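Good morning, and thank you for joining. Please have the sequence and the model open while I go from the overall layout to individual residues.

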Amino acid sequence: METGNHTSTSQFILLGLSSRPERQELIFGLFLFMYLVGATGNLLIILAIGSDSHLHMPMYFFLSNLSLVDFCFISATVPKMLANIQTQTRSISYGGCLAQIYFCILLASMDNFLLTAMAYDRYVAICQPLHYSTTMSLPACALMLGSAWLLANLHSLLHTLLMAQLDFCASNVIPYFFCDLVPLLQLSCSNTLPNQLMILLVGGLIVLIPFLGILASYVHIVSAVLKVPSARGKQKAFSTCGSHLAVVILFYGTITGVYLSPSPSHSADKDSLASVMYMVVTPTLNPFIYCLRNKDMKGALWKLVSVKAAFHEL
């Protein structure tokens, strides 16, 4: 069959998490709550870091960018889902679907790169403290961040353009609450081999190389910390990595559950619920993980809230 830019499908139907009408109010309330909590938490972290000069250092520079990406991540899918529930429609336009794919891949890739940059920052701080100020200088951090955005955009653009070449002439029903690559490929009546190869090769490298970088950083960190003679010194060193390590486990754990679990265990319901974990739950929990385990972030947030309270009293 000849492929091209033409499609007989002008819109797709997003089934969401449940087709039962009696559950829609519960789902709406739950996702609205998670969205508000996640958006507020991530924006507070950005404001706290920006307003506290003591946090103007590489680790918090990357954390503020991670919070920005997580805010955009949940904003790329959840508002559309809430609007569909509220208006009792499940449709999304063809262009809207491609836009969701673009931004979801872009932001997931950025999460991946930022977590790697933060792991490298901890590696340099613990294993090469004397070189920290030069290795993690502002120009170096800006270069890492700019390179990450460039690679993430190219990766996202590649998959979006390949998807735009496909024809959809059969079912237009997506068993997810957002547009994702895999279910869309399953709906296409074109040859999807190039798309699948790019997902396997490029997508695999985008995930695997940063993950190996994080793994290598922590191997060196653990090795260096174990050489510290005092128990208090070891605890202090590990405490600086605890929040980041928890977020890494949460992020890669949910990604593995969605995309790398054995095929026989896949089902539309399981995949949809798993996608909620990395698309909504993970970005919502990240601010709490960093704030609960980081005294500097707690202090900055408390200072920010106190200043706002004093301003309102005036």
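This is a predicted model: local features need pLDDT of at least 70, side-chain atom pairs count only at pLDDT 80 or more; totals for chains, interfaces and linings use all residues.

Which pattern does the chain follow when read along the sequence? The pattern is β-α-α-α-β-α-α-α-β-α-α-α-α-α. In other words, the chain holds eleven helices and three strands. Of the 314 residues of the chain, 45% count as buried. As for the contacts with a separation of 6 or more, 80% of them come from residues 24 or more positions apart.

The C-alpha atom of Gly16 is separated by 9.7 Å from that of Leu273, although the two residues are 257 residues apart along the chain.

Next comes helix H1 itself, residues 24–51. How far apart are its end C-alpha atoms? They are 40 Å apart, and this agrees with the span that 28 residues should give at 1.5 Å a residue, namely 40 Å. The buried residues of H1 include Phe31, Met34, Tyr35 and Asn42.

Asp70 lies in H2, which covers residues 58–75. Is Asp70 buried or exposed? Its relative accessible area is 1%, so Asp70 is buried. Setting aside residues up to four places away in sequence, Asp70 touches Asn42, Asp111, Pro283 and Asn286. With Asn286 there is also a polar contact between the side chains, at 2.7 Å.

By way of contrast, consider Gln88, in the loop between helix H3 (78–87) and strand S2 (91–93). Gln88 has a relative accessible area of 75% and is therefore exposed. What is the phi of Gln88? Phi is near 60°, a positive value in a residue other than glycine. As background, most residues other than glycine have a negative phi.

I now turn to helix H6, where Thr160 has its place. Thr160 counts as buried, because its relative accessibility is 11%. A polar atom of the Thr160 side chain lies 2.8 Å from the backbone oxygen of Ser156. Beyond its neighbours within four places in sequence, which residues is Thr160 in contact with? They are Leu98, Ile101 and Tyr102.

Finally, there is the packing of H6 with H8. The axes of H6 (residues 138–164) and H8 (residues 193–226) come within 10 Å. How do the two helices run relative to each other? Their axes cross at roughly 170°, and angles over 145 degrees count as roughly antiparallel, so H6 and H8 are roughly antiparallel to each other. On the H6 side, the contact is made by His155, Leu158, His159, Leu162 and Met163. On the H8 side, the residues are Pro194, Asn195, Met198, Ile199, Val202, Gly203 and Ile206. By class, the residues of this contact divide into eight nonpolar, four polar and no charged.

Thank you for your attention.

Terms used. Residues are numbered from 1 along each chain as its sequence is written. Side-chain values use heavy atoms; hydrogens and water are left out. Axes are lines fitted to C-alpha atoms, for helices over the stretch in contact, and angles run from 0 to 180 degrees between N-to-C directions. Helices (H or I, at least four residues) and strands (E, at least two) are DSSP runs, numbered from the N terminus. Angles under 35 degrees count as roughly parallel, over 145 as roughly antiparallel, 65 to 115 as roughly perpendicular and the rest as oblique. Contact means heavy atoms within 4.5 Å. Ala, Val, Leu, Ile, Met, Phe, Trp, Tyr, Cys and Pro count as nonpolar, Asp, Glu, Lys and Arg as charged, and the others, Gly among them, as polar. Buried means under 20% relative accessible area, exposed over 50%, partly exposed in between (1.4 Å probe, protein chains only). A polar contact is a pair of N or O atoms within 3.5 Å; within protein, one must be able to donate a hydrogen and the other to accept it, and residues adjacent in sequence count only if both atoms are side-chain atoms. The expected span of a helix is 1.5 Å times one less than its number of residues.
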